[in-house]
Amino acid sequence: MSIKNLVSLGLLVFIPISVAAEHLEWDALIVFITSAIAIVPLAIWLSTATEEVAVATGPSIGGLLNAVFGNATELIIALSALRAGLLDIVKASITGTIISNLLLVMGLSMFLGGLRYKEQEFQPIVARVSGSTMTLAVTAIVLPAMVISTSNVVDQVTISRLSITVAAVLIVVYALTLLFSLKTHSYLYDVGIVELEEGTAEAAGAHAPHKPNLPLWIGVLLIATIAVAFESEIFVGAVEEATKGLGLTPLFTGVILLPLVGGAAEYVTAVRVAMKNNMDLSVSVAMGSSLLVALLVAPILVLVGQAIGQPMDLSFNLFEVVAVVIAVAIANLISLDGRSNWLEGVLLLATYTILGAAFYFHPA
């Protein structure tokens with residue numbers, strides 16, 4: 001069993017601790033911390049189960065499962081927060097996840113991979129396609145904010161209708177990206193399935209291809225999903241009071257803290273494969289997760305919010321919009337040549353740190 005799985009098994013002890021903390025009405029900060037830690041191993045097992053099922057079912061269905069469940073943890077936490085009416089935190093978590101994937105995940109991957117290998121290569125065409133699609137996503141995030149800032153009076157109904165229209169377009173675009181990556185140009189993305197198969201074979205200690213136990217991993221996938229949903233309810237119930245006690249704003253909580261909790265699986269996977277000199281998969285994980293959030297998770301949250309009476313829209317804080325534009329621009333520039341080194345990783349991490357500090361000191 002890998003170190004990642006051993007650590008994730010050990011951290012599962014925080015599930016009963018967080019449940020006890022909530023039922024015994026311990027301090028909100030304790031409930032917040034224990035439930036956040038409990039979500040991390042569940043997110044890792046959810047990701048692992050998705051990868052194993054993907055190997056067992058083949059490239060087409062496996063690629064679709066990875067596309068759907070790739071950011072399941074972030075979606076579940078956001079849906080819990082949406083039901084609780086924490087719209088500011090939900091919106092901030094969308095932009096925060098995009099920023100953290102492009103800057104923190106890619107930065108860590110390039111830095112740690114670059115310490116082991118002088119220079120690493122990846123397919124620039126995948127980065128270019130992802131970058132072009134992310135530009136559309138940024139446009140979708142920028143436009144509602146621009147409509148508000150350039151108009152004298154914009155009512156909530158107008159913003160909601162604009163957001164629903166944009167959400168529908170983004171979902172269509174995401175469906176087309178799946179068609180591109182799984183059907184018409186699947187050869188560009190085969191590296192992901194190859195790496196998963198190799199990782200499974202290594203874990204089994206065999207050179208021959210290993211076929212995972214499909215019923216077992218489907219069961220793990222379902223149990224992990226339900227457990228994440230349960231822990232997310234506990235986490236969201238304590239997040240507002242706990243962060244307020246720490247002096248943190250909803251903006252900082254959503255942009256920085258929530259992505260760190262929900263994105264643990266992506267961080268582990270991207271860094272692990274980068275240190276194995278597979279920057280193709282590492283870049284695909286980082287950029288693919290950002291695309292999934294921008295093109296699918298955000299639109300789903302808008303549509304669900306409208307359906308349950310929570311007026312979720314795509315009208316983001318102007319500072320969030322600027323931060324996302326900066327993250328996308330820098331990530332595109334660095335990944336343009338299909339090569340990476342440790343210094344480029346440092347540049348991405350430095351940008352993330354500066355943005356994190358700016359969000360921390362932002363008054364609202």
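How many nonpolar, polar and charged residues does the lining of the largest cavity have, by class? The lining has nine nonpolar, three polar and one charged residues. Here Ala, Val, Leu, Ile, Met, Phe, Trp, Tyr, Cys and Pro count as nonpolar, Asp, Glu, Lys and Arg as charged, and the others, Gly among them, as polar.

The model is predicted: local features need pLDDT of at least 70, side-chain atom pairs count only at pLDDT 80 or more, and totals for chains, interfaces and linings use all residues. Residues are numbered from 1 along each chain as its sequence is written, and side-chain values use heavy atoms, with hydrogens and water left out.

One cavity of 30 Å³ or more is present in the structure. A cavity is a set of points, on a 1 Å grid over the protein atoms alone, where a 1.4 Å probe fits but cannot get out. The largest cavity holds about 100 Å³ of space. This volume is the space filled by probe spheres set on the points, with grid points joined across faces, edges and corners. In the lining of the largest cavity there are 13 residues, lining residues being those with an atom within 4 Å of a point. E74, A78, S93, I94 and T97 lie nearest the cavity centre. At least two lining residues come from each of helix 5 (72-83), helix 6 (87-116), helix 11 (250-262) and helix 13 (279-307). Helices are DSSP runs (H or I, at least four residues), numbered from the N terminus. Helix 5 gives the largest share of the lining, four residues.

Helix 5 also packs with helix 13, at an angle of about 25° and with axes 11 Å apart. Axes are lines fitted to C-alpha atoms over the stretch in contact, and angles run from 0 to 180 degrees between N-to-C directions. Helix 5 is therefore roughly parallel to helix 13 (angle under 35 degrees). The crossing is right-handed, the near helix being turned clockwise from the far one by less than a right angle. L75, A78, L79 and L82 of helix 5 meet V297, I300, L301, V304 and G305 of helix 13, where contact means heavy atoms within 4.5 Å. This contact has eight nonpolar residues, one polar and no charged.

Helix 2 (residues 14-23) and helix 3 (residues 28-57) cross at roughly 150°, and their axes come within 8 Å. The two are therefore roughly antiparallel (angle over 145 degrees). Their crossing is left-handed, that is, anticlockwise. The contact joins F14, I15, I17, S18, A21 and E22 of helix 2 to I30, V31, T34, S35, I37, A38 and L42 of helix 3. Its residues divide into nine nonpolar, three polar and one charged.

Helix 7 (residues 124-150) packs with helix 14 (residues 318-335) at about 165°, the axes lying 10 Å apart. Helix 7 is thus roughly antiparallel to helix 14. The crossing of this pair is left-handed. The contact has ten nonpolar, four polar and no charged residues.

Terms used:
On a 1 Å grid over the protein atoms alone, a cavity is a set of points where a 1.4 Å probe fits but cannot get out, and a pocket is an open set with protein on both sides within 12 Å along at least five of seven lines; lining residues have an atom within 4 Å of a point. Angles under 35 degrees count as roughly parallel, over 145 as roughly antiparallel, 65 to 115 as roughly perpendicular and the rest as oblique.
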